[in-house]
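Dear colleague,

Please find below the structure that I am handing over to you. My notes on what was found in it follow directly after.

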Amino acid sequence: MKPFRVSVHIVPRKGLLDPQGKAVADALHTLGFASVAEVHVGRHLVIETQAGDAKAAEASVREMCGRLLANPVTEDFEIAGVVPA
Amino acid sequence: MKVGVVSFPGSNCDEDAVLAVAEHLQRPAVLLWHKDHDLQGADVVILPGGFSYGDYLRAGAIARFSPIMQEVVAHAKRGGPVIGICNGFQIACEAGLLPGALLRNANLQFRSMPVRLRVENTDTVFTRRARAGAQLTMPIAHGDGRYTADPETLARLEGEGRVVFRYVDAAGEASDAANPNGAMHNIAGVTNATGTVVGLMPHPERAMEPLLGSADGLVLFQSLLQTM
């Protein structure tokens, strides 16, 4: 077993109302960033875990997302990176 | 009939729920510690309001893995009555006892105010004493109350009459103006397929006597007496 650091992005499911994202987009427009089309506010988690290899570390975090870290009704997740810790 | 009220770290309406049962229903009510595996013989379980585990990750996401929740889920699967109020509704959804999820209020405000509800379903163990179409006034106090479900689930809930409460205006209409959080179809509360588990964002336990501004919450508790 080796230590790995796995990063995961959790974002609101596409098409669902995202009032936080909209509020941030509105603020950016106010600041003059007129080119901003949309903002989505989610969570970024960094998980330090032991695994046999990077693939196993990712598989384990995917299971964590399915069971706890992301709400299957309203959120999507993507593994942003798996690096040796 | 004995009622068990779960205390999670961060629950803040657990004592109100105990008081509602003990004082206004004259039935025994006990607090159930979240680390316990014992429902202490409770026939009915209340998942109370508050901010269990500080709402970390998502409201209700961590509370659902509390030891006591295994017993609550087993109790619900046996047909035992469970009511989730506010944070308890969020926990019940996270635990899969009820469909859907509660998201950040569309207006991004924490709404603490009385709301008017229309009773849509009187065939649950918590609404049996209510009159269909009756309008009840109860307080809400939440930042994450926007009921959301995928289109298929929403259609199923509506088709099966499983929406129990809807936010309505003074004219009794489920208007946008009456919707305090952007909930889909103005949904304030839903039930499971058997009408034994109910979740709602408003607080019936804070509307038990006129001194509190409303006694309209009483009917949910009185409905239990008819069942149990």
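I begin with B:Val45, which touches B:Gly4, B:Val6, B:Leu39, B:Val72, B:His75, B:Gly80 and B:Val82, leaving out residues up to four places away in sequence. Two residues are in contact here if their C-beta atoms, placed from the backbone, lie within 7 Å.

Please note that this is a predicted model, in which local features need pLDDT of at least 70 and side-chain atom pairs count only at pLDDT 80 or more, while totals for chains, interfaces and linings use all residues. Residues are numbered from 1 along each chain as its sequence is written, and chains are lettered from A and ligands numbered from 1 in the order in which they are written.

Nonpolar cores

B:Val45 is among the residues with the most contacts inside the largest nonpolar core, together with B:Ile46, B:Val82, B:Ala92 and B:Leu117; this core has 72 residues. Another core, of 10 residues, lies apart from it and includes A:Cys65, A:Leu69, A:Ala70 and A:Val82. A nonpolar core is a set of buried Ala, Val, Leu, Ile, Met, Phe, Trp, Tyr and Cys residues joined through C-beta atoms within 7 Å. A residue is buried if 20 or more other C-beta atoms lie within 10 Å of its own, exposed if 12 or fewer, and partly exposed in between, with C-beta atoms placed from the backbone.

The sheet of chain B

In chain B, 9 strands form an open sheet of mixed pairing, in the order β2-β1-β3-β4-β11-β10-β9-β6-β7. Its edge strands are β2 (29–33) and β7 (135–142) of chain B, each of which pairs on one side only. From one strand to the next, the twist averages 25 degrees. Helix α2 (residues 67–77) of chain B packs on the sheet, where it touches β1 (3–7), β2, β3 (44–47), β4 (82–85) and β11 (197–200) of chain B, and its direction makes about 125 degrees with that of β4(B). Such axes are lines fitted to C-alpha atoms, for helices over the stretch in contact, and angles run from 0 to 180 degrees between N-to-C directions. Helices (H or I, at least four residues) and strands (E, at least two) are DSSP runs, numbered from the N terminus, and two strands pair if DSSP finds at least two bridges between them.

Within this sheet, β6 (residues 111–119) and β9 (residues 163–167) of chain B run antiparallel and are joined by 3 bridges. B:Arg118 stands opposite B:Arg166 in β9(B).

A loop residue

B:Gln40 is found in the loop between β2 and β3 of chain B. It counts as partly exposed because it has 13 C-beta neighbours inside 10 Å. Beyond its neighbours within four places in sequence, B:Gln40 is in contact with B:Gly4, B:Val30 and B:Leu32.

Chain A

Chain A has 2 helices and 3 strands, which run β-α-β-α-β from the N terminus on. Strand β1 (residues 2–12) of chain A pairs with strand β2 (residues 43–51) of chain A in the antiparallel sense over 9 bridges, and A:Val8 stands opposite A:Leu45 in β2(A). Strand β3 (residues 75–84) of chain A is also antiparallel to β1(A), with 9 bridges joining them; there, A:Gly81 is the bridge partner of A:Ser7. Buried residues make up 15% of the 85 residues in chain A.

Between the chains, the contact takes 12 residues from chain B and 9 residues from chain A.

With kind regards
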